Amino acid sequence: MPVKKIMAEFGRWTVLTLGLWVTACSQPVPPPETTGELHVGTRNSPASYFIAHNGEAAGFEHDLIQAFSQSQNWSLEWTEKDRPEALFELLDKKRIHLAAATLPRAVIKDRHLIAGPVLFETPVHIVYRISDPAPRNAADLSGKKLALIAGSGHTPMLMRLKRKHPKLSWDKLDNVWPEELLAQLQAGQYDAVVISGMDFDPMRNLYPELAVAFDLPEKQQIAWALPRHSSHLMRNALARFVEQARKDGTVKRIYERYFGHVKRLDSTDVLGILQRRPLRLPALRQHFHEAQTLTGIDWRLLAAIGYQESQWNAYATSPTGVRGLMMLTSETADRMGVADRLNARQSILGGARYLTLLKEALPARIAEPDRSWLALAAYNQGQGHMEDARRIAQARGGNPDSWADVKEALPYLSRGTYAKAMKYGYARGAEALIFAENIRNYYDILLRLEPEYNPLFNLGTREDREASPG
């Protein structure tokens, strides 16, 4: 066959193949109950979907959708879009089965789409720079430069306020993520921004110069959006799952993972670690790296413990006798082979080994991240008191393996009414709760600011390495 004819045939085959591919991509996706595949649209945000420090997908809605797909034995396919409008277009064309993107129920209804069960309610914040006078109400926003994200559902709320305050105006920003909105506010491009609590709260520790001035009168109900005429089997399965997930604590546990700790620190706490990080952490970083190599615990979590305990001060001493950067008792130091608690390296390695020991003492069935948060509370109060808190959680109808339930039980360690469930007696359980929650926040900050450490890339780079304690 002549070369020209071969090329012509190849060209026709390529065009035909491409046409079939485009046609296939433009076809509505079949119901998941017939294919076993669930197609979900989402957007990048702390509440919905993001790539975590370990390279895996995460987010409140991501985890909940994943639990739903597993309950149905369906595989899961994600489509990420920047704008809610793009997700609505996919729903209109039935290219996805549902959209999970912190979508307000009212917005879903306005688009004549099907709203799934309400997942949670979120306040709508007016956020400002703390260096400026705080607006107290909508009247104080009149004449100010105000911004919101297009498609967030906040425009109708402001329109209702504008009836009483005609000078109220705002910019609608397209293709902007919540963190970018806050960055523009911090840079002085706006006087205030409108943002949901689910988007602002996980990032408040990254912007200590920003704060909530007040909340709008209405809360937003967040739900997943489904196409018109979506499968009744799919809608019923979704409703049953959400109802069951509320009953068995799945929603509570996932919510706790992302939002349970985010309001614990105030702006002075956040500014404190941000200011001390460039001054104190560089000299300690190699010791935290070594501790990760020995224990497998992320060095940034160990550094967060060190900051909570001593603000990275190797010579810290408390009135109760705990000493050093990781604030070890003399008994714990002896168990971990620490000869000098005021030696920064020995303290860090000893603290890392102690946390490893506490994690290993927990039942093997407890998964991460609950395993780490329970071990942190035990680091503060001891393994025995942690076991008492787990017993109290179970006595109160909770899950002793869930940090979300155990954290609620910790304050009861100081109450005599629960003495029957306490083998180890009185403890300042509320202190352990604050300790663990603060560390979670400091860890979140360090995750964003400090790179991960891969010991395989750093073997043999440190000369004259000291022997490990013990």
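The following dialogue explains how to read several features of a predicted model.

Reader: On what basis are the features of this model reported?

Author: This is a predicted model, in which local features need pLDDT of at least 70 and side-chain atom pairs count only at pLDDT 80 or more, while totals for chains, interfaces and linings use all residues. Residues are numbered from 1 along each chain as its sequence is written, and side-chain values use heavy atoms, with hydrogens and water left out.

Reader: How many helices and strands does the protein chain have?

Author: Helices (H or I, at least four residues) and strands (E, at least two) are DSSP runs, numbered from the N terminus. The protein chain has 19 helices and 12 strands. Its C-alpha trace spans about 80 × 75 × 50 Å along the principal axes.

Reader: What share of the residues counts as buried?

Author: A residue is buried under 20% relative accessible area, exposed over 50% and partly exposed in between (1.4 Å probe, protein chains only). Of the 470 residues of the protein chain, 49% are buried. As for contacts (heavy atoms within 4.5 Å), among those with a separation of 6 or more, 70% involve residues 24 or more positions apart.

Reader: Which residues does Val40 touch?

Author: Val40 belongs to strand β1 and is buried, at 0% relative accessibility. Leaving out residues up to four places away in sequence, Val40 touches Ile65, Leu76, Glu77, Trp78, Thr79, Ile96, Leu98 and Ala100. As a view across the chain, Val40 and Gln308 are 268 residues apart in sequence, and their C-alpha atoms are 39 Å apart in space.

Reader: Against which elements do the buried residues of α4 pack?

Author: In helix α4 (residues 84–92), the buried residues are Pro84, Ala86, Leu87, Phe88, Leu90 and Leu91. They pack against β1 (37–42), β4 (75–80), β5 (98–104), α5 (105–110) and β12 (220–226). After α4 comes Lys94, with a positive phi near 55 degrees.

Reader: How many aromatic pairs does the structure hold?

Author: Rings of Phe, Tyr and Trp (its six-membered ring) pair if their centres lie within 6.5 Å; planes under 30 degrees apart count as stacked, over 60 as edge-to-face and the rest as tilted. The structure holds 14 aromatic pairs. One of them joins Phe60 and Phe120, whose ring centres are 5.2 Å apart and whose planes stand at 75 degrees, so the pair is edge-to-face. Because Phe60 lies in helix α3 (residues 60–72) and Phe120 in strand β6 (residues 114–122), this pair ties together parts that are 60 residues apart in sequence. Both Phe60 and Phe120 are buried. Ring pairs also link Phe50, Phe60, Phe120, Tyr255, Tyr258 and Phe259 into a cluster.

Reader: What is the arrangement of the pair formed by Tyr379 and Phe435?

Author: Tyr379 and Phe435 are stacked, at 6.1 Å centre to centre with 10 degrees between the planes. Tyr379 is part of helix α16 (residues 370–381) and Phe435 of helix α19 (residues 429–449), so the pair ties together parts 56 residues apart in sequence. Tyr379 is buried, with a relative accessible area of 7%, and Phe435 is buried as well, at 3%.

Reader: Where do charged ends sit over rings?

Author: The criterion is that NZ of Lys or CZ of Arg is within 6 Å of the ring centre and within 35 degrees of the ring normal. The charged end of Lys145 sits over the ring of Tyr190, 5.5 Å from its centre. The charged end of Arg415 sits over the ring of Tyr412, 4.3 Å from its centre.

Reader: At what angle do α13 and α16 pack?

Author: Axes are lines fitted to C-alpha atoms, for helices over the stretch in contact, and angles run from 0 to 180 degrees between N-to-C directions. Helix α13 (residues 299–310) and α16 pack at about 30 degrees, their axes 13 Å apart. Angles under 35 degrees count as roughly parallel, over 145 as roughly antiparallel, 65 to 115 as roughly perpendicular and the rest as oblique. The two helices α13 and α16 are therefore roughly parallel. Leu301, Ile305 and Glu309 in α13 meet Trp373, Leu376 and Tyr379 in α16.

Reader: How do α16 and α17 cross?

Author: The axes of α16 and helix α17 (residues 383–395) come within 7 Å and cross at roughly 130 degrees, which means that α16 is oblique to α17. Their contact is made by Leu374, Ala377, Ala378 and Gln381 of α16 and by Gln383, His385 and Met386 of α17.
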